[in-house]
There are 2 protein chains.
Amino acid sequence: MSDEAPLLDTLRSICGDAAVLTGGDMAAYATDWRDMFHGKPLCVVRPAETAEVAQCVAACAETGTAIVPQGGNTGLAGGATPDDSGTQVIVALDRMTAIRRIDPVGMTIEVEAGAILQTVKDAAGDENRLLPISLAAEGSARIGGLIATNAGGVDVLRYGMTRGLVLGLEVVLPDGQILSRLRHLRKDNAGYDLKQLFIGTEGTLGIVTAAVLRLVPQPRHRATALIAVPDIASAIALYARAQDEVGEALSAFELISGAGLDLVAEHMGQTAPVTADWVLLIEAGSSLPSLREAAEKLLETAFEEGWATDGVLAESEAQADALWQLRESLTEAEGKAGGAIKHDISVPITGIAAFLQEAGNMLRAVAPEAKFNVFGHLGDGNLHYNVMNVTREDAAKVNAAVHDVVAAHHGSISAEHGLGQYRVAEWARLASQPEHDLTRRIKDALDPDGLINPGKVVPKRG
Amino acid sequence: MSDEAPLLDTLRSICGDAAVLTGGDMAAYATDWRDMFHGKPLCVVRPAETAEVAQCVAACAETGTAIVPQGGNTGLAGGATPDDSGTQVIVALDRMTAIRRIDPVGMTIEVEAGAILQTVKDAAGDENRLLPISLAAEGSARIGGLIATNAGGVDVLRYGMTRGLVLGLEVVLPDGQILSRLRHLRKDNAGYDLKQLFIGTEGTLGIVTAAVLRLVPQPRHRATALIAVPDIASAIALYARAQDEVGEALSAFELISGAGLDLVAEHMGQTAPVTADWVLLIEAGSSLPSLREAAEKLLETAFEEGWATDGVLAESEAQADALWQLRESLTEAEGKAGGAIKHDISVPITGIAAFLQEAGNMLRAVAPEAKFNVFGHLGDGNLHYNVMNVTREDAAKVNAAVHDVVAAHHGSISAEHGLGQYRVAEWARLASQPEHDLTRRIKDALDPDGLINPGKVVPKRG
């Protein structure tokens, strides 16, 4: 028996023996899916309901044991991976998967934190409603993690980040209290909006156990196009015109580099119908039937103005899906080609061209052999600026170079992936003193002993 | 000279003599516009820039002087009115009105806190963009106050509350530090989203001095209808169908009682083209031309299904504006008829009919002579449930009766107006212990001496 046995026994008595994993059974939980972060937890506990989560947290608090909350373990910044001390307890929400209630008229859905995004989207779809969070990991990502990381994805342009979809939240606080505000309300200005504290804070202030999410109408019509543009300036001009012509119907405006399409062709066997140094994947959706007409008119304008050199407007759902498949294969193709040092940056949209120029110049000095796989949500100013053909040893240098250019453009070094453990040091380097102070005050106010997801998001005490 | 003279001199030295008001010059700032809350401030200081705000706050902090931030002074809950102690300093943002920058491509606008909503909307409109905050006070309300109260209004159904429009914020903290995150970014997940602390917290954690707001495309087509419905259930059925048929284009779904229209006819001389116990004012807007066709089809369906008994679809902008005029005159007509005890409640939309039934029953017992002016944002589940023909002495009894029914429906006692000083006691009565604890912890973490807007939102220490 190890020294930790008393806590393990307590957790077993709360959740049942089978719900507490140790040794080799922890493997899938101890490492992130990209295999970048390797933790060594004391144990993994898998509560079946909120009351059990609360009791586990209280038991850990009493023994001064640190907790790492974990959802689908699909994060990209190591936010759900424990350290290697062998002392931290992973609280996995993967048994709490109930869809408690769906209201298609009030357009809300109440789910437990462990529900898988795709399952929740399917339930909403059955009622002709949409949960507008779309990302590559949606078959594995869980609602609690999506909320804790304020997940982005390809729907953000139209529907905003996950934060804006959270109407109600149930959270276990670091002392084991349950804060329950599972209200199906679209408007609630009574008192501090406490749920904001737990959205995007990556489990460092409490553990999300359930949520009420806002649904939107399911668009009936869809228009999807892949368009080759001569340069970034043309892409931006087309974006501005699209806002005028299709307005609220515009739902995705994605940028893909020709180099990225080459990777997808080489490693995934998928060939794009158009190619160029830069292509755009644009989608619009609407309940109104004149969408396609507006999309055709927009494409005509793009050719007339010289903003597009080639392009295809999907003629069928299957063709639209095939265009999206190119976009969604970029990360896997990159992996097969040897991987990359990833950046998840955003800058003001009008500064994208200058950013690409300056970051490219900077990297030619720092890492002359570098190749690039650049893609992302151009309409949000968010690029995945991935640098290939550099060694892991150069990662810190490359990161700093890219982030310095981001900072000069008043951008963000994490537009959608969060800080986790991966980007804390870079955040700390670039944040202002009041940002440091306020972050620390909030963390201390809610988690004075620093036991909930330590080392993530909030820099350790200096 | 009073005992407070040294602070007054300090404030004068920071902002100039003319920027510090005392005596009768303070009248417009000391009372709210509805003349419900009457304060007696030490002085009013009107800084011209953020650095002056910071210096004023630091000077007050040093002398242990409480501050009341004030924008357009159009709030409905007394959140910007000082107490009557003669010791509090009003920091008025009404000289900081600059529109610093507008980016029609990135669809952002940067403004100072004292900019008037209508002015900012006009600036956005000049660039074919929309700032989607619409409320009766938009000619006087200022951006800082709108952010501090997370303002609602008639655009919420489609565009959400003000919170979702705030991309960047500059805030003076209670110790005089300036937190500046004026980023023109649509996505930023780097670290805690500190700006959330200052949105909807009514100036109790700091003073908003500037903001970057998100703009949206200006819809080109508009459809506006006034529809008589036989009952609330029909209104809800029509709402659900509207989400299917016009989807994202639906921008307002307002409920007005026949009694309210009678008040508007009697006191404002405006006659509605249709009338019934309940009427709906519905509006949709889109960049796509087939909107009107969809709206006509929806109305046809409403008549076929028996959800509508009468109705008019506006044939011109002027007619649409006239329909909105009816809605916007309700509050003034109510005032002319002797005023009301107002409630700003929300419940899940599907519970609205039951809420009205139960609240009506409850009030017949508590205040048998009561008459009602009920209207509001039905699509958001938010009603202004205003009770007329009762004495001020009965207000507490009436409030408690209505709020108890709200609580039974898991609703909110302040959907959009905030708590200010008016609803703090009722919030305190109905909130859970973890909500009390967490609210207090946040307040103490940011404002340990309780000097920023004391007595608002957060109950005083027990």
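Q: How many salt bridges does the rule find across the interface of chain A and chain B?
A: A salt bridge here is a side-chain nitrogen of Lys or Arg within 4 Å of a carboxyl oxygen of Asp or Glu. In this predicted model, the rule finds 16 of them across the interface of chain A and chain B. One of the pairs is Asp175(B) with Arg441(A), whose closest N and O atoms are 3.4 Å apart.

Q: How many residues does the contact take from chain A and from chain B?
A: Contact means heavy atoms within 4.5 Å. By that rule, chain A and chain B each give 88 residues.

Q: What area do chain A and chain B bury between them?
A: The size of an interface is often given as the accessible area lost when the parts come together. Buried area is that loss, taken with a 1.4 Å probe and summed over both parts. Chain A and chain B bury about 7,200 Å², 56% of it on carbon and sulfur atoms. In chain A, Lys187(A), Asn189(A) and Tyr192(A) lose the most area to chain B, together 14% of what that side buries.

Q: And inside chain A, what do domain 2 and domain 3 bury between them?
A: The domain bounds come from an automatic or database assignment. Domain 2 (99–217) and domain 3 (221–332) of chain A bury about 620 Å² between them, and the rule finds zero salt bridges there.

Conventions: Residues numbered from 1 in each chain as written. Chains lettered and ligands numbered in written order. Predicted model: local features only at pLDDT ≥ 70, side-chain atom pairs only at ≥ 80, totals over all residues. Heavy atoms only, no water. Buried area = accessible area lost by both parts, 1.4 Å probe.
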